[in-house]
Amino acid sequence: MLEIRSVVASYGSVVALKDISFTAEIGKITTVIGANGAGKSTLLRLISGLEVATSGAIHWQGESLLGKSPESIVRMGVAHVPEGHAVIAPLTVAENIEMGALFRRRSNKDDVKLAIGEVYELFPRLEERKNQLAGTLSGGERQMLAISRALVSRPSLLLLDEPSLGLAPLVVEQIIETIKALCISTGLTVLLVEQNANTALSVADHGVLLSLGSVVADQPAPLMRADSALRSAYLGY
Amino acid sequence: MSSHKNPGARNLFFVIIFAIVIFTLGAVLDPYNQGQLAVVSMLLIGVLSVTLLTGTSGQISLGQGALMAVGGYASALTILNLGLSMWLALAIAIIVSAMAGLLLGFAAARLTGPYLAGTTLVLALALPSLANRFESVFGGDVGLNVDFGNPPSWLISAFGEIGYEQWQLYATVPLTCLALLATANILSSRTGRMWRAIRDNESAASLMGVNVSTNKIFTFVVSSGFAGLSGALYGLRGIVGPSVYPISLSLLLLTGAILGGLRSIAGALIGSALVVFLPDFIDWATKPLALSEQIGNYLPGLIGGLLLLVTVVLNPGGISGALRRHK
Amino acid sequence: MNTLITTLFLGTTRGAVFALVALGLVLVWRGAGIVNFAQMGQAMFSTYVASTLIIKGYGYWFAFLIALVVGAILGAIVDLAVMRPLTRRSHAGILASESMRATVPVIASLGILGVLQSLAGMIWAAEERGFPTPVSDVAVKAFGKTAPFTKFDLFIIVVVALTLVVTTLFFKKTGMGLAMRATALNPEVARLSGIRISRVRTLSWAISGVASSLAGLLITPSANLSPNTLDLILIVGFTAAVVGGLDSLPGSVVGGFILGLLIAVINVYVSPDDVFLALLVFLLLVLILKPGGLFASKKVRNV
């Protein structure tokens, strides 16, 4: 499982995360929700190694992630899809996907081909646009591409940062359903950061509510969803 | 530099100390070192131009040597063709190079980093070729001959016989002091604060209401004036010509500023002394080793380059930066 | 008419070399965000190594190859010993300032240039040397007429064309090429894809070193070899890269040829003394009118 213990993230005088602790179970979707500025994106960046925690412990499957470079963390099975359709626009769809599997090519050449094939099956729209530049894709397609790039690395932990941003609800649904199916079939663990708490809580198994850098609630998603007091206090609905 | 004390008075005090020290040294050193000290005083003004342009407003220029050349030619032509006195010629040199700085600023103020560096480098290489283009005016490769002239009689009656190098030194130092004072005042003024804001974060400065492009151009004007004065004095040692202002001169100023400390006057002082006396020091230190001429010629360059690298990687603030940290 | 043709050929062969220099500069700019002012110093150094081998009796092609290897190694050393430590420094003190962080690598590359030139002077005594050509250096004669170019000129064009083809294939078709492009375009996403961007950067430096060594080997026969011969070539290469757009590999190549022709025309039709002036004017025009380079896309680059 993913263990976050007493993690503090401070940058100069700004404290983004003040002593966060929670766990995410294997094969389940755990969603981290909260208003803007709550520190959700920072949390994902700490896990994937893009930023360094000031103190605390982050463990995935018993191994510590703290202080490791993003490149090595990827090799530990952790894939991070940052917010804002993180694809490289001047590269083609195929190149963006290939990029995610580069580090495995020497050891698992055949499996890489398989993984790429599987991802095209998941998102047939991408296969149609294989040789188009990623910058020409629609928002939804770009998000699918970003997720595909992460999936071809065959992660065991997938970090999704606001996948629904700027996307039509139907598209979001499709993407989330695909992810959910993957969790069930492959035991993929997902940490989903979302602004749209309603959607997130309806697909997730577990919810962690952050407010101004602290955990204010940590419970099974259906419970959190039903807690109207919590919702109106922190989520505004 | 608190607002309680009077920074102007404090600066003046230090400059007067500086002048007294230099004059005293000048009186006791041998002619060669008097000449070297004169060069330090001249180059110091040029290094201050880097302190202002690069250290304070963050704009890198590899062409300060070319601006020195502008000043040198302006003063030489004034003396030779207009027959004016050396002091007037120096004033004209400052004005002309400041105007050149204005032109340069218009072109360069929009550029940053490597673009600015590359463009000023091309400028530094293009300017000498102008001298060859209009050979009749600029004297081509040979250049123009000017010098400091003789020391005024009142000075000789006051201090006795004054050697040529000594006179070079005594004529330069008052101007160096003026340059030091001007720099100190700029650094502690509102203008200096605006330049530093631009250096640290252009967009933030612009949001704070600083007119970035005007200030950047202004910095070019001021620093070019300094460089021009430095170049004019440098040329008065005997010749103004392309060989006197090679591209390595620009790099010398930059190296001095970096090694000594890019952001402070103390750094400029340390750096100027360093680049002038280091080759002499290396010569003296390696004498017992009896190095071949081949190695001896290139050793200062090697050590200078290594020092620059070490400074930039390990201690980018230069010597004065390190001293300030350990205060 | 004859002069024009000769000028065009001269411009094309020189342009080919400038294209190589510009290519090397753009490789490092895209891969590491730095303009390497020491590049031609590295080239000078490896050409000296080749020259020394040839003087000692080794064959031209062996020396050629060694020079390329030395170029790659020098490039890698510059990255590992200087540039990496530089970028790893914390943003404190003087480096807290944006413009200082952009300026410091420029100064570092100038320091490296100084060290390389001094070392070359110390090792090889700054007397000028010639450098042989592998093929004949006289005008080609065919069909009873004398062509306005030599076999060596053809050699240059062929080598540069080959290099460009190999480079394009490398970037478009290989995994490492893709990794390099990704690292240059978006280092964060590249890291998240598992690409070891520091290794990729070092490779950019090494490949750039090979390109610049190649340029040095090709242009030195017509100049003489001394620690300072290749300095001016860097300036032309830089201008070529800016003209073509510092972000664009194909642009830098085109820029090289444009500048080759420009300089040849100025040399022949105006005056050799005016070359730098022409360069300066051309550079300023491009920077003022089209800062992203002549082939800039809609996105205007912030220079």
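The dialogue below goes through a predicted model, taking confidence, chain contacts and helices in turn.

Colleague: Where in chain B is confidence lowest, and where is it highest?

Modeller: Start with the chain as a whole. Chain B has an average pLDDT of 89, and 98% of its residues score at least 70. Within chain B, the lowest confidence falls in helix α7 (residues 153-159), with a mean of 78. The highest is in helix α11 (residues 212-235) of chain B, at 95.

Colleague: Which chains have the most contacts between them?

Modeller: Of the 2 pairs of chains that touch, B and C have the most contacts. Chains A and B do not touch, and their nearest C-alpha atoms are 17 Å apart.

Colleague: How many residues does each chain bring to the contact of chain C with chain A?

Modeller: Chain C gives 15 residues and chain A gives 21. On the side of chain C that touches chain A, α6 (175-185) and α7 (187-192) of chain C each supply at least two residues. The largest share of that side, 6 residues, comes from α6(C). Sorted by class, the side of chain C that touches chain A has 7 nonpolar, 4 polar and 4 charged residues.

Colleague: What describes two packed helices?

Modeller: Two packed helices are described by the angle between their axes and by the distance between those axes. In this structure, take helix α2 (residues 39-55) and helix α3 (residues 60-88), both of chain C. They pack at an angle of about 150°, and their axes are 8 Å apart. An angle over 145 degrees counts as roughly antiparallel, so α2(C) is roughly antiparallel to α3(C). The crossing in which α2(C) passes α3(C) is right-handed.

Colleague: Which residues of α2(C) and α3(C) meet?

Modeller: From α2(C), the residues include Q42(C), F45(C), V49(C), L53(C) and I54(C). Among those they meet in α3(C) are Y60(C), F64(C), I66(C), V70(C) and L74(C). By class, the contact of α2(C) with α3(C) has 14 nonpolar residues, 5 polar ones and no charged ones.

Colleague: How many residues of helix α1 in chain A are buried?

Modeller: A residue counts as buried if 20 or more other C-beta atoms lie within 10 Å of its own. Helix α1 (residues 40-48) of chain A is mostly covered, with 8 of its 9 residues buried. The buried residues are K40(A), T42(A), L43(A), L44(A), R45(A), L46(A), I47(A) and S48(A).

Colleague: What follows α1(A)?

Modeller: G49(A) comes after α1(A), and the phi of G49(A) is positive, near 95°.

Methods: Residues numbered from 1 in each chain as written. Chains lettered and ligands numbered in written order. Predicted model: local features only at pLDDT ≥ 70, side-chain atom pairs only at ≥ 80, totals over all residues. Contact = placed C-beta atoms within 7 Å. pLDDT = per-residue confidence, 0-100. Helix = DSSP H or I, 4+ residues; strand = E, 2+ residues; numbered from the N terminus. Axes fitted to C-alpha atoms, helices over the stretch in contact; angles between N-to-C directions. Parallel < 35°, antiparallel > 145°, perpendicular 65-115°, else oblique. Left-handed = near helix turned anticlockwise from the far one by under 90°. Nonpolar A, V, L, I, M, F, W, Y, C, P; charged D, E, K, R; others polar. Buried ≥ 20, exposed ≤ 12 C-beta atoms within 10 Å, placed from the backbone.
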